Amino acid sequence: MKTICFYFQVHQPYRLRRYRFFDIGENHNYFDDFANRSIMRKVAEKCYLPTNQLFLDLINEYGSEFKISYSISGTAIDQFEQYAPDVLESFKRLAETGCVEFISETYSHSLSALKNETEFKKQVEQHKNKIEEHFNQTPKVFRNTELIYSDAIGALVSDMGYKAMLSEGAKHILGWKSPNYVYTNAVNPRLKLLLKNFTLSDDIAFRFSNRAWEEWPLTTEKYVSWLNAIDEKEEIINLFMDYETFGEHQWAETGIFDFLKHLPHKVFSETNFEFLTPSEAAEKHQPIAPMHVPHPISWADEERDLTAWLGNDLQDEAFDKLYDLIDKVKIISNEELNRDWKYLQTSDHFYYMCTKWFSDGDVHKYFNPYDSPYEAFINFMNVLSDFTVRLEKEVMDNKNKDLLSTYPPEEIKKLISEYEQKLSELKGLVDKADENAVKAKSFKKGTKGKVVAKSAAKGKNKK
Amino acid sequence: MRVLMFGWEFPPHITGGLGTACYGLVKGLAKNNVEVLFVVPKAYGDEDNRVVKIVDASEVEINQELLSRDDFWKKVTFMEVGSNLIPYVSPEEFKKFSSSDILDQTVLNKTIFRAKYKFSGKYGKDLMEEVSRYAVIAAALASKNNFDVIHAHDWLTYAAGIAAKSVSNKPLVIHVHATEFDRSGENVNQNVYDIERKGMEAADRVITVSNYTKNIVINRYGIDASKVVTVHNAVEFDSRKNGYDEQKTVSEKVVTFLGRITFQKGPDYFVEAANMVLKKYHNVRFVMAGSGDMLNRIIKRVAELKISDKFHFTGFLKGNDVNKMFLQSDVYVMPSVSEPFGISPLEAMRANVPVIISKQSGVSEVLNHAIKIDFWDIDAMADAMYGLLNYDGLPTMFRRMGQEEVLNLKWENAARKINEIYQTAL
């Protein structure tokens with residue numbers, strides 16, 4: 001039997017408020033509570049709540065036959081806790097069915113995998129704890145931010161104990177090969193790779209409501225006929241997409257919910273596909289080859305590369321300046337600073353600074369709070385400047401605290417008196433040296449005039 | 001395609017951006033195989049004649065025979081010379097024209113109907129008189145020449161355009177580079193406004209230099225939106241100015257305002273933003289280059305804020321001094337309150353200076369690689385200045401992308417659009 005593997009990315013960033021340079025050092029609240037709350041509420045009503053309900057109904061209808069998976073970023077979960085506990089509850093109900101797998105990622109949907117191994121591991125750990133706390137399961141499969149993947153990242157993830165990882169079936173990587181098999185990491189063949197079938201995924205995620213598309217309208221009949229048309233040896237279709245596809249990118253009026261509702265029935269009655277979670281799929285299918293990815297890929301844009309987040313001068317400066325702080329962050333334990341550090345790493349901040357879609361903006365305009373990448377950059381850098389000031393102050397305070405703990409007050413007093421003693425000795429030496437210098441000078445001059453020599457001698461007598 | 005075009009000035013004898021724009025445009029039209037007969041009130045003889053035939057209105061003779069021909073005047077009176085244009089010549093003459101038939105031979109010895117009239121071509125006290133006389137010349141030229149379309153630039157030539165249209169029955173395109181609202185805010189000169197509106201109403205097509213101006217034309221002049229089309233200005237750089245071999249001599253960073261120091265250009269907002277930046281950042285000097293009726297007020301305000309040691313005035317700059325100023329600049333700011341287009345940020349970008357421009361400008365519609373702010377939002381303006389001064393990624397990015405963007409704004413492309421507009425007007 002062949003496999004359909006549904007995976008949905010659920011993510012919301014903490015958007016920054018308009019933070020001016022004169023706020024630096026004055027105001028340490030960086031986040032736009034109003035925007036974050038209202039966007040979360042809007043997406044909750046249009047997407048999260050109805051789609052969760054729909055999946056819950058499908059799972060109840062088909063028992064354990066219908067399965068799906070999610071990765072929910074830590075920043076999204078934090079915002080559920082703050083603004084949408086109802087959404088969090090509905091995800092918990094889905095978790096209880098046993099048909100839903102929750103996948104690991106970095107806590108703040110960050111690009112840390114590209115920069116710092118320790119930070120990356122720390123964030124994955126934080127995210128794992130969050131998933132365990134809410135959904136009562138330990139993630140076994142990993143998915144990096146925006147499906148960013150390379151041989152090195154895969155090897156790192158494998159070392160961390162994960163059995164499988166999700167990635168993009170990028171054409172420039174696969175060439176003639178099909179994404180409809182399981183592959184392995186090129187460095188460590190124990191890590192299995194599930195690759196997104198971007199054609200069949202994007203038919204739903206991007207093209208569903210596009211009336212200019214020759215296949216519009218997309219019906220379940222048509223979609224199932226495409227599933228049946230794949231090569232008979234091929235084993236798995238990975239349908240990976242943003243969860244916001246349902247009701248937000250594709251509005252309810254487009255019929256996306258009806259499509260979703262009727263798809264499982266069609267699949268069960270007219271194909272030999274079954275639905276599996278990523279763990280089950282990785283277990284079931286034998287990998288056919290290693291996939292070589294020397295340079296990182298992602299699921300973004302035509303290029304499937306990192307240029308949406310990194311590469312222009314703005315993004316690179318912001319990214320480097322942010323991670324320049326990492327050694328300082330390591331040695332502090334201030335809760336607020338650690339939280340801000342996490343939230344500032346969210347990849348969306350860098351995404352807003354991208355200049356490549358001045359011509360074709362649509363996808364990237366989605367909830368982008370800025371008019372231009374330049375504004376995004378200035379705002380982020382202002383925030384980062386303040387964060388840096390706070391961080392440095394904290395580091396300095398810690399240093400002082402450390403000193404206090406190694407030297408008790410009596411010890412310090414003792415030290416002070418010792419130093420004072422030493423200082424006065426040194427001062428005495430300097431005075432003496434000066435005196436000698438004056439003497440030498442006056443001696444020279446003394447050959448010309450007695451008065452000077454006399455006064456110098458007087459001075460000497462005084463002493 | 002042959003165009004009878006009316007302008008007020010032509011390089012090298014220019015006082016503002018209008019002449020430069022006209023020059024770029026006719027060159028672009030030549031590349032699109034459009035022949036242009038360009039009329040200016042006064043030609044000096046050293047204009048670039050390669051791409052355009054310059055007609056000096058001062059040299060156009062109105063012969064008595066033409067003026068006495070019935071059919072000529074029938075058309076000219078149809079354009080309401082008597083009731084609308086002539087009155088602004090002078091109150092006394094107004095009386096003459098309004099009380100006597102315009103065909104009356106007795107007026108022909110009066111100033112504007114002299115056989116030849118020496119235009120100053122300047123924007124002086126006899127401006128209204130010159131505008132009227134220019135219209136009479138226009139009518140004469142229209143009757144003598146072959147052309148397909150009439151194209152008139154800005155209000156000074158609208159009367160000429162109307163006159164030429166009346167005589168020739170050829171379609172009239174008027175080109176709005178600025179409106180009275182841009183020049184005077186809400187204190188509009190009613191006479192000028194009326195001439196502008198007459199021109200727009202009489203025109204078959206109205207070209208505006210930006211959507212910003214298009215909206216003013218539609219909303220403030222009540223012009224039918226279907227005949228108003230935006231063609232953004234382009235910019236042409238003199239290749240000789242490419243060698244910026246001189247070095248920056250000021251050790252601090254420099255933020256520059258360059259333009260007329262008048263209400264329209266928003267110099268006061270620049271001062272307030274500068275003051276905010278100076279509170280947080282010291283390695284910077286602010287320069288205000290230009291002159292204008294608000295200069296004294298600005299100097300007083302700078303003194304009042306006690307930032308005179310960091311805020312400098314250069315007076316009016318021209319020619320190479322402008323380039324030298326750009327060379328010293330790290331940031332260029334155009335905080336215009338109302339700017340139909342605004343070519344100077346493009347010159348700054350060409351000189352590798354990052355720019356901050358107000359959203360109330362036409363140029364903001366064509367630029368991606370600029371920071372855009374509302375002119376009144378001094379917080380945002382100060383923040384943008386601070387960002388450009390502090391975060392190196394920004395100027396690097398602007399230098400990389402800005403040049404290319406500016407060099408892609410070609411008159412040839414703008415002229416192609418204008419040629420298409422001519423076709424629809426025929």
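Of the 426 residues in chain B, 47% are buried, a residue being buried if 20 or more other C-beta atoms, placed from the backbone, lie within 10 Å of its own. The model is predicted: local features need pLDDT of at least 70, side-chain atom pairs count only at pLDDT 80 or more, and totals for chains, interfaces and linings use all residues. Residues are numbered from 1 along each chain as its sequence is written, and chains are lettered from A in the order in which they are written.

Chain B contains 17 helices and 13 strands; helices (H or I, at least four residues) and strands (E, at least two) are DSSP runs, numbered from the N terminus. Two residues are in contact if their C-beta atoms lie within 7 Å. Of the contacts in chain B between residues at least 6 apart in sequence, 70% join residues at least 24 apart.

An automatic or database assignment divides chain B into domain 1 (2-234 + 413-425) and domain 2 (239-407). Their contact takes 14 residues from domain 1 and 11 residues from domain 2. On the domain 1 side, helix H8 (180-184) and helix H10 (211-221) of chain B each supply at least two residues.

Between the chains, the contact takes 17 residues from chain A and 18 residues from chain B. Helix H11 (313-323) and helix H15 (373-406) of chain A each supply at least two residues of the chain A side, and H11(A) gives the largest share, five residues.

The table gives the classes of two contact sides. Ala, Val, Leu, Ile, Met, Phe, Trp, Tyr, Cys and Pro count as nonpolar, Asp, Glu, Lys and Arg as charged, and the others, Gly among them, as polar.

| Domain 1 of chain B, touching domain 2 of chain B | four residues | eight residues | two residues |

Notes: A residue is buried if 20 or more other C-beta atoms lie within 10 Å of its own, exposed if 12 or fewer, and partly exposed in between; C-beta atoms are placed from the backbone.
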